[in-house]
Amino acid sequence: MGVKLSVATGIFRGYTYEQVRAAAEVLLDSRHVRNMEITLNTEGVFDTIRRIADEYGDRLNVGAGTVLDIEGLKRAVDCGARFVLAPDMMTAEMVDFCRDNDIVSVPGAYTPSEIRECFRRGCDVVKVFPANELSHSYAKKVCEPMGDLPLMAVGGVNAENVVEVIEGGYAYVGTAGGIFKKADLLACDEDALRASLETFDRELDRLTA
């Protein structure tokens, strides 16, 4: 696997470069959220990924999300993405490309069969999506017969439930609205963003206390 992912990933969908940059400035001080996923269904996304990766790629893990095909994957990686997430299982061609280029692959899956097939293809982490449609202990139940699998919960994760999610067997979490408030991102309000991040970080501190 390429970059070492932190336990939590902030997902940025539909934000401008300036708004993502405001979040990046705040995340530099985070104890647990060191991954920034910028989704490909965002206007001007490739320019944003390139600029954020150039400025912060040596201090944060910059990646791409909603990667649906090999063309988008290759372009995101060319712009500096070091990990990629998809809402579905990814094609074998996409998984092979990630492996050959030291890119962390995080396809989406839902059932135990889909999860197992992703790991058979050589994926690094599997995103259980939408995780909020399942119990928080779903990952633990899947891992009981299959072993200690690196699963990421995406969907409905926030400061109020993140500890329960991790204790339910997930190694990672990803969230679009559970760390920062949309209004604060739109306003590039770094003070408000920092306060929200501290609340999220403080919850995760409980796991190592």
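Mentor: Buried means under 20% relative accessible area, exposed over 50%, and partly exposed in between, with a 1.4 Å probe and protein chains only. This is a predicted model, where local features need pLDDT of at least 70 and side-chain atom pairs count only at pLDDT 80 or more, while totals for chains, interfaces and linings use all residues. Residues are numbered from 1 along each chain as its sequence is written, and side-chain values use heavy atoms, with hydrogens and water left out.

Trainee: Is C143 buried or exposed?

Mentor: C143 counts as buried because its relative accessibility is 14%.

Trainee: Which residues are buried in helix 5?

Mentor: I115, C118 and F119, in a helix that covers residues 112-120. Helices (H or I, at least four residues) and strands (E, at least two) are DSSP runs, numbered from the N terminus. Seen down the axis, the buried residues of helix 5 fall within an arc of 95°, so they line one face; the arc is that of the directions from the helix axis to the C-beta atoms.

Trainee: What does the face turned away from the buried side carry?

Mentor: The exposed residues S113 and R120.

Trainee: New topic: which charged end sits over the ring of Y17?

Mentor: That of R51, 3.6 Å from the ring centre. The criterion is NZ of Lys or CZ of Arg within 6 Å of the ring centre and within 35 degrees of the ring normal.
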